[in-house]
Amino acid sequence: MLAIHEKDVPGVSVPGRVLHWVVSREQGLPSDGCTFCVMYVQPKQTVSPAHSHPDCEELIYVVSGSGHVYVDGEIVAVREGSAVLFSKDSVHMVRNSGDTEMKVACFFSEATNLTLYEFHPNVLFDEGVYR
């Protein structure tokens, strides 16, 4: 398989979002070296719990919508066209602060999946500092 549409991959519902794993070992286009998913966050929802990726970097790109991103205790505004790089082990979350669905493209530098995430349930979005 050389090409696929994101909607051809079943969505995985997890707290605060739905993920379509377009490129991964398990679903979509097969890859052992990188991962890509499309994330949908509904209005006023927050990706939870906070998490990090001990084995890879993650680059997100906001395709549509707007919101805020929590990264290691700091909160920054994002909107369509914004890109954010989460380094290895950075604790992060995304919140849709807008009134429309937020669509985010998520690129991972290594093959990953939800079982490889490190979760931080004691980290709360609202305890971050707005920048």
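This is a predicted model: local features need pLDDT of at least 70, side-chain atom pairs count only at pLDDT 80 or more; totals for chains, interfaces and linings use all residues.
**Entry 1: cysteines**

I searched for disulfides and found zero in the structure. For Cys56, I took the closest cysteine sulfur, which belongs to Cys34; the two sulfurs are 10 Å apart, too far for a bond. I then turned to Cys106, which is buried, with a relative accessible area of 2%. The closest cysteine sulfur to that of Cys106 is in Cys37, at 4.0 Å. Because a disulfide requires the sulfur atoms to be within 2.5 Å, I record that the sulfurs of Cys106 and Cys37 are too far from each other for a bond.

**Entry 2: salt bridges**

I examined several pairs in turn.

I began with Lys103, which forms a salt bridge with Glu6, the closest N and O atoms being 3.0 Å apart. Lys103 is in strand β11 (residues 102-108) and Glu6 in the segment before β1, so this pair ties together parts that lie 97 residues apart in sequence. I checked the accessibility of both partners: Lys103 is partly exposed, with a relative accessible area of 21%, whereas Glu6 is buried, at 13%.

I next looked at Lys44, whose salt bridge partner is Asp99; here the closest N and O atoms are 3.4 Å apart. I place Lys44 in the loop between β4 (35-41) and β5 (50-52), and Asp99 in the loop between β10 (92-96) and β11, so the pair ties together parts 55 residues apart in sequence. Lys44 is exposed, with a relative accessible area of 53%, and Asp99 is exposed as well, at 68%.

I then examined Arg131 and Glu74, whose side chains meet in a salt bridge with an N to O distance of 3.6 Å. This pair links distant parts of the chain, 57 residues apart: Arg131 is in the segment after β13 (129-130), and Glu74 is in strand β8 (residues 74-79). Arg131 counts as exposed, at 62% relative accessibility, while Glu74 is partly exposed, with a relative accessible area of 36%.

**Entry 3: surface patches**

Which residues gather in a patch of negative charge on the surface? I list Asp55, Asp89, Glu110 and Glu118. I followed up Glu118, which I locate in strand β12 (residues 118-120). Glu118 is partly exposed, with a relative accessible area of 38%.

I also looked for nonpolar side chains on the surface. Leu59, Tyr61, Val63, Leu85 and Phe107 form a nonpolar patch there, with about 420 Å² of accessible area together. Which strand contributes the largest share of the nonpolar patch? I assign that share, three residues, to strand β6 (residues 58-64). Leu85, another member of the patch, lies in strand β9 (residues 83-86). I record Leu85 as exposed, with a relative accessible area of 53%.

**Entry 4: Gly11**

I finally looked up Gly11, which is in the segment before β1 (12-14). Gly11 is partly exposed, with a relative accessible area of 42%. How far apart in space are Gly11 and Val38? I note a C-alpha to C-alpha distance of 9.2 Å, for a pair that is 27 residues apart in sequence.

Conventions:
Residues are numbered from 1 along each chain as its sequence is written. Side-chain values use heavy atoms; hydrogens and water are left out. Patches are made of residues with over 30% relative accessible area and no salt bridge: like charges are joined within 9 Å, nonpolar side chains (Val, Leu, Ile, Met, Phe, Trp, Tyr) within 5 Å. Accessible areas come from the Shrake-Rupley method with a 1.4 Å probe; for residues, only the protein chains shown count as cover. A salt bridge is a side-chain nitrogen of Lys or Arg within 4 Å of a carboxyl oxygen of Asp or Glu. Lys and Arg count as positive and Asp and Glu as negative; His and the chain ends are not counted. The place of a charge is taken as NZ of Lys, CZ of Arg, CG of Asp or CD of Glu. Helices (H or I, at least four residues) and strands (E, at least two) are DSSP runs, numbered from the N terminus. Buried means under 20% relative accessible area, exposed over 50%, partly exposed in between (1.4 Å probe, protein chains only).
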